[in-house]
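Please open the model in your viewer and keep the sequence panel beside it. The tour below goes from one selection to the next and says what can be found at each stop.

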Amino acid sequence: MARALQLARRGLYTTHPNPRVGCVLVRDGKIVGEGFHARAGEAHAEIRALQAAGKQARGVTAYVTLEPCNHHGRTPPCTEALIDAGVARVVAAMRDPNPLVAGGGLAALSAAGIEVASGLLEGSAQALNPGFISRMTYGVPWVRVKSAMSLDACTALASGESRWVTGAAARRDVQRWRARADAILTGIDTVIADDPSLNVRLDAADLGIEGAVAQPLRVVLDSRLRISPEARLFRLPGKVLVIAAEGRVGAAARAALEARGAEIATVPAAKSGRGLNLAEVLRLLGRRGINEVHVETGATLAGALIREGLVDELVIFVASHLLGGGARGVFLLPAIETMGERTHLEITQTRRVGDDWRLIAQLRRDD
């Protein structure tokens with residue numbers, strides 16, 4: 001199963017909106033076939049492993065990181081292929097949270113006389129597909145907020161100058177986080193201030209993949225469509241989705257943006273009347289098949305997402321310098337009166353990246 005998880009990671013940058021899945025076929029303690037899912041619409045991991053094994057597939061144990069599908073989508077059910085190949089046993093790391101499967105795959109295999117089991121290295125399998133699990137379970141993507149800050153928790157000088165808070169190695173690492181996401185999200189204030197690209201600037205060799213690098217969907221939250229049609233976002237390959245507030249979209253502004261290739265969607269405004277209903281934004285992205293959202297934005301929007309409990313994970317790069325008084329903070333959060341109101345985090349990883357440090361933290365929901 002550990003080998004199957006290694007294989008699944010080879011689809012880290014390419015499988016969305018599908019999950020990352022690996023499969024290993026074993027006979028008498030020896031691997032006779034293996035495979036991974038590379039891209040949506042292409043063969044699933046089990047099919048590629050069966051093709052690699054050929055006639056040796058009969059009687060094997062199949063180790064697969066996700067319960068085999070038993071429904072027709074872009075490809076036929078993997079359960080049928082496993083049954084037809086004469087596989088004797090199937091061990092799945094985790095059950096598929098997709099309601100179209102949800103235990104049905106293992107049940108179909110069992111009904112065909114194949115021994116089944118699940119739960120082996122389940123935690124590792126879940127960690128590989130947080131967005132797919134979130135979307136299938138809750139209808140919303142996994143939200144990851146990236147920030148870069150100095151050791152005194154500042155992201156920019158008072159003037160707004162921020163190039164560069166972190167070093168080249170950290171900035172290159174950020175490109176990998178962008179590449180694994182289905183969408184990169186920011187707010188209109190960031191677009192107006194920085195005119196960002198929000199694209200992946202690594203090639204296939206950098207990511208260790210075959211074929212072209214898929215650019216994530218770029219999402220701009222812009223309640224009143226203040227974005228300029230001349231923004232850099234519209235001059236780069238890839239799709240741009242601008243989300244505005246219902247009833248606040250002027251026909252002329254919409255037409256100008258659509259002429260530049262942008263798609264315009266609307267959600268209700270926030271109850272405060274300012275900005276958007278962020279929970280509805282995530283539900284909209286979930287309906288579009290977005291698994292992981294990578295957020296790069298200013299302190300206001302990042303703080304709002306945290307305050308409303310919509311952030312799953314923080315990826316924070318900490319530089320070994322100080323920016324001093326008056327510099328801009330990382331998250332704009334309301335003042336609290338008691339320690340019990342703190343936002344609790346679980347640090348899941350610390351790693352040095354060049355001259356900087358990368359912290360990964362998940363927000364704890366149980367406090």
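Which residue of β12 does L185 stand opposite? Select L185 and look across to β12, where V295 is the residue that stands opposite L185. Before going further, please note that this is a predicted model, in which local features need pLDDT of at least 70 and side-chain atom pairs count only at pLDDT 80 or more, while totals for chains, interfaces and linings use all residues. Residues are numbered from 1 along each chain as its sequence is written, and side-chain values use heavy atoms, with hydrogens and water left out.

**Stop 1: strand β8 and its partners**

Select residues 183–187, which form strand β8; here strands (E, at least two residues) and helices (H or I, at least four residues) are DSSP runs, numbered from the N terminus. Strand β8 runs parallel to strand β9 (residues 217–221), and five bridges join the two, where strands are said to pair if DSSP finds at least two bridges between them. Along this pairing you can find A183 opposite L217 and G187 opposite L221. With β12, the strand β8 also pairs in the parallel sense, over three bridges.

Is β8 mostly covered or mostly uncovered? Five of its five residues are buried, so the strand is mostly covered; buried means under 20% relative accessible area, exposed means over 50%, and partly exposed lies in between, with a 1.4 Å probe and protein chains only. In a regular strand the side chains alternate between the two faces of the sheet. In β8, A183, L185 and G187 are buried on one side, and I184 and T186 are buried on the other.

**Stop 2**

Now widen the selection to the open sheet of nine strands, which has mixed pairing and the order β11-β10-β9-β8-β12-β6-β13-β16-β15. At its edges are β11 (263–267) and β15 (345–353), each of which pairs on one side only. From one strand to the next, the twist averages 25 degrees.

**Stop 3: positions listed by UniProt**

An unreviewed UniProt entry places the feature "binding site" at several positions, including G298 and G303; such annotations may be inferred rather than shown by experiment. The listed positions are spread over 157 residues of sequence and also in space, up to 29.2 Å between C-alpha atoms. Select G298, which lies in the loop between β12 and α12 and counts as partly exposed because its relative accessibility is 27%. Then select G303 in helix α12, which counts as buried because its relative accessibility is 0%. Leaving aside neighbours within four places in sequence, G303 is in contact with F331, L332 and L333.

For "active site", the unreviewed UniProt entry lists E46, which is found in helix α2 (residues 45–53). E46 is buried, with a relative accessible area of 4%. Beyond its neighbours within four places in sequence, E46 is in contact with residues among them C23, C69 and C78.

**Stop 4**

Select helix α6 (residues 130–138), where seven of the nine residues are buried, so the helix is largely enclosed by the rest of the structure. What covers these buried residues includes α5 (122–128), β6, α7 (168–180), α11 (278–287) and β12. Just after α6, G139 takes a positive phi of about 80 degrees.

Finally, colour domain 1 (1–128) and domain 2 (139–363) separately; these bounds come from an automatic or database domain assignment. The centres of the two domains, taken over C-alpha atoms, are separated by 34 Å, and the contact takes nine residues from domain 1 and 13 residues from domain 2. Between them the domains bury about 900 Å², 45% of it on carbon and sulfur atoms, where buried area is the accessible area (1.4 Å probe) that two parts lose on being put together, summed over both.

Notes: Axes are lines fitted to C-alpha atoms, for helices over the stretch in contact, and angles run from 0 to 180 degrees between N-to-C directions. Contact means heavy atoms within 4.5 Å.
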